[in-house]
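Hi there,

Here is the structure I promised to pass on to you. Please open it next to this message, and I will walk you through what turned up.

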Amino acid sequence: MEQKTDFAEVDKILALNGNEQRNLITILQSVQAQYRYLPREILEYIAEKMGISLAKIYSVATFYENFSLDPKGKYIIKICDGTACHVRKSIPILEKVREVLGVSAQNPTTDDMMFTVETVSCLGACGLAPVMTVNDKVYPAMTPEKAIELIKSVREGAAE
Ligand code: FES
């Protein structure tokens with residue numbers, strides 16, 4: 001699904017940050033919060049508006065791993081594969097979730113742009129392993145079955 005580029009929204013973000021280069025990271029964070037990733041046409045627009053090179057913006061955007069240059073789904077599922085979660089069998093959860101959603105490590109987002117599946121190295125909740133999050137809400141002690149149920153209820157909730 002194509003999301004229309006709303007430069008008025010970007011103008012607001014730039015104005016809030018005084019259109020200043022030292023606020024570039026905050027500006028990119030706000031763009032990502034709005035669009036769930038950093039669309040190229042918006043980065044080009046920001047470069048022009050702020051009078052900085054696109055290369056500089058890309059170097060910042062690619063340096064921080066929280067920034068994404070690829071579109072993401074409405075729901076971002078993170079499956080932890082840190083040590084504590086791995087020994088408690090996080091991989092079968094990941095495999096099942098990918099299988100059910102038809103995604104992979106190379107293509108982590110569903111065609112309907114509903115879900116993006118990612119792995120993380122530790123969610124900081126090792127006592128609750130194996131852990132997964134959906135849009136940063138933590139779900140503890142997961143199993144492949146529980147994960148599939150959760151995805152089903154997210155889907156149903158989104159359709160209501
Ligand atoms: S290893 Fe999974 S939460 Fe820490």
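Strand E3, residues 132–134, pairs with E4 in the antiparallel sense, over 3 bridges. If you want one spot to look at, find Val134: the residue standing opposite Val134 is Lys137 in E4. Please keep in mind as you look that this is a predicted model.

E3 and E4 belong to an open sheet of 4 strands, which has the order E2-E1-E3-E4 and mixed pairing. Which strands are at the edges? They are strand E2 (115–120) and strand E4 (137–139), each of which pairs on one side only. From one strand to the next, the twist averages 25°.

Two helices go with these strands. Helix H6, made of residues 90–101, lies across strand E1 (75–80), E2 and E3, and runs at about 160° to E2. Helix H7, made of residues 144–159, packs on the sheet and touches E1, E2, E3 and E4. The direction of H7 makes about 5° with that of E3.

Is Ala147 buried or exposed? Ala147 counts as buried because its relative accessibility is 0%, and the cut-off for buried is under 20%. Leaving aside neighbours within four places in sequence, Ala147 is in contact with Ile93, Val97, Met132 and Met142.

The protein is divided into domain 1 (7–63) and domain 2 (75–155). The C-alpha centres of domain 1 and domain 2 lie 30 Å apart.

Next, have a look at the aromatic rings. A pair of aromatic rings is described by the distance of the centres and the angle of the planes. The count comes to 4 aromatic pairs. One of them joins Phe63 and Tyr64, with ring centres 5.0 Å apart and planes at 85°, so this pair is edge-to-face. Why is the pair of Tyr64 and Phe67 edge-to-face? The planes of Tyr64 and Phe67 are at 90°, with the ring centres 6.2 Å apart, and planes over 60 degrees apart count as edge-to-face. Phe63, Tyr64 and Phe67 form one aromatic cluster.

The members of this cluster are worth checking for exposure:
- Phe63 is exposed, with a relative accessible area of 64%.
- Tyr64 is partly exposed, at 36% relative accessible area.
- Phe67 is buried, with a relative accessible area of 11%.

Finally, please look at Ser68, which is found in the loop between helix H4 (54–63) and E1. The relative accessible area of Ser68 is 8%, so Ser68 is buried. Which residues is Ser68 in contact with, leaving aside its neighbours within four places in sequence? They are Gln32, Tyr37 and Leu38.

Happy exploring, and do write back with any questions!

Best wishes

How values were computed: Residues are numbered from 1 along each chain as its sequence is written. This is a predicted model: local features need pLDDT of at least 70, side-chain atom pairs count only at pLDDT 80 or more; totals for chains, interfaces and linings use all residues. Side-chain values use heavy atoms; hydrogens and water are left out. Domain bounds come from an automatic or database domain assignment. Rings of Phe, Tyr and Trp (its six-membered ring) pair if their centres lie within 6.5 Å; planes under 30 degrees apart count as stacked, over 60 as edge-to-face and the rest as tilted. Buried means under 20% relative accessible area, exposed over 50%, partly exposed in between (1.4 Å probe, protein chains only). Two strands pair if DSSP finds at least two bridges between them. Axes are lines fitted to C-alpha atoms, for helices over the stretch in contact, and angles run from 0 to 180 degrees between N-to-C directions. Contact means heavy atoms within 4.5 Å.
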